[in-house]
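Please examine the sequence and the three-dimensional structure shown below before reading the report.

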Amino acid sequence: FAKEHTGAESVEQLKERVQKSLQEERDSQNTKERNNQLISQVVAKNPLDVPEGLVDRYVDDAMAEFRKKYPNNASDVSDVPDEGEIRSRYRLVVVNQLRWKFISDKIIEDEKIEVSAEDTDKWIEGFAQANGMSTEDATKGLTQGGRLNQIRDTIIEEKLMEFLRSTAKAKK
């Protein structure tokens with residue numbers, strides 16, 4: 001079964017792959033959680049006003065998405081909160097997201113965090129290896145899919161978080 005359906009040479013190899021995959025997923029989740037905590041702390045320690053019009057626009061967009069998801073009268077659905085409650089909940093999320101966006105953009109600018117061609121090539125190589133494809137095929141697929149800007153944003157975010165972690169002081 002292992003050889004036929006998974007490409008593993010043995011059950012032991014399949015177990016190792018599964019264990020490695022689970023560990024990578026745990027590591028990824030832990031990194032995301034640490035990053036979210038760090039972002040929350042940065043936003044809390046750097047309060048700034050966010051233009052109300054911008055917040056309203058984001059909340060309106062979220063409500064439009066909500067209406068698409070529940071095209072009929074959403075108030076008829078018992079487990080769906082009313083629009084006022086959704087707006088109120090989402091407003092705080094939007095304010096914090098926008099604060100983070102403004103703060104992170106300023107840090108990136110001040111610290112001159114940039115993405116080089118080498119950074120992008122390295123990311124694509126890792127992507128290709130993780131997906132069992134050649135670097136050329138990965139580059140072609142990502143380029144055709146219009147994902148190169150997303151890759152740049154991902155690399156910038158990784159570098160920003162690395163910078164913040166290196167300058168953060170751990171509490172005991």
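## Basis of the report

This is a predicted model, in which local features need pLDDT of at least 70 and side-chain atom pairs count only at pLDDT 80 or more, while totals for chains, interfaces and linings use all residues. Residues are numbered from 1 along each chain as its sequence is written, and side-chain values use heavy atoms, with hydrogens and water left out.

## Salt bridges

A salt bridge is counted where a side-chain nitrogen of Lys or Arg lies within 4 Å of a carboxyl oxygen of Asp or Glu. Searching the whole structure gives 9 salt bridges.

| Pair | Distance, N to O |
|---|---|
| R91 and E52 | 2.3 Å |
| E65 and K68 | 3.5 Å |
| R152 and D153 | 3.5 Å |

Salt bridges with shared partners also join E52, D56 and R91 into one network.

Helices here are DSSP runs (H or I, at least four residues), numbered from the N terminus. By contrast, E65 and K68 both lie in helix α3, 3 residues apart, which is about one turn of the helix.

A residue is called buried under 20% relative accessible area, exposed over 50%, and partly exposed in between (1.4 Å probe, protein chains only). R91 has a relative accessible area of 27% and is therefore partly exposed. E52 is also partly exposed, because its relative accessibility is 47%. As for the remaining pair in the table, R152 counts as partly exposed at 41%, and D153 is partly exposed at 47%.

## An aromatic pair

Rings of Phe, Tyr and Trp (its six-membered ring) pair if their centres lie within 6.5 Å; planes under 30 degrees apart count as stacked, over 60 as edge-to-face and the rest as tilted. By this rule, the count is 1 aromatic pair. The partners are W123 and F127, whose ring centres are 5.6 Å apart with 10° between the planes, a stacked arrangement. Both residues lie in helix α5 (residues 117-130), 4 residues apart, or about one turn of the helix. W123 is partly exposed, because its relative accessible area is 21%. F127 is likewise partly exposed, at 24%.

## A loop residue

Where does K112 lie? K112 is in the loop between α4 and α5. Although K112 is not a glycine, it has a positive phi of about 55°. K112 is exposed, because its relative accessible area reaches 64%.

## The largest pocket

Rolling a probe the size of a water molecule over the atoms shows where empty space is left. On a 1 Å grid over the protein atoms alone, a pocket is an open set of points where a 1.4 Å probe fits, with protein on both sides within 12 Å along at least five of seven lines; lining residues have an atom within 4 Å of a point. The largest pocket has a volume of about 480 Å³, where a volume is the space filled by probe spheres set on the points.

The lining of the largest pocket consists of 18 residues, and W100, K101, S104, E157 and L160 lie nearest its centre. The elements giving two or more residues to this lining are α2 (11-45), α4 and α7 (148-167). Helix α4 supplies the largest share, 7 residues.

By residue type, the lining divides into 8 nonpolar, 5 polar and 5 charged residues. Here Ala, Val, Leu, Ile, Met, Phe, Trp, Tyr, Cys and Pro count as nonpolar, Asp, Glu, Lys and Arg as charged, and the others, Gly among them, as polar.

V95 lies in helix α4 and is buried, because its relative accessible area is 15%. Contact means heavy atoms within 4.5 Å. Not counting residues up to four places away in sequence, V95 touches V50 and V55. V95 and Y58 are 37 residues apart in sequence and 9.4 Å apart in space, C-alpha to C-alpha.

N35 is found in helix α2 and counts as buried, with 14% relative accessibility. With residues up to four places away in sequence again not counted, N35 touches M161 and R165.
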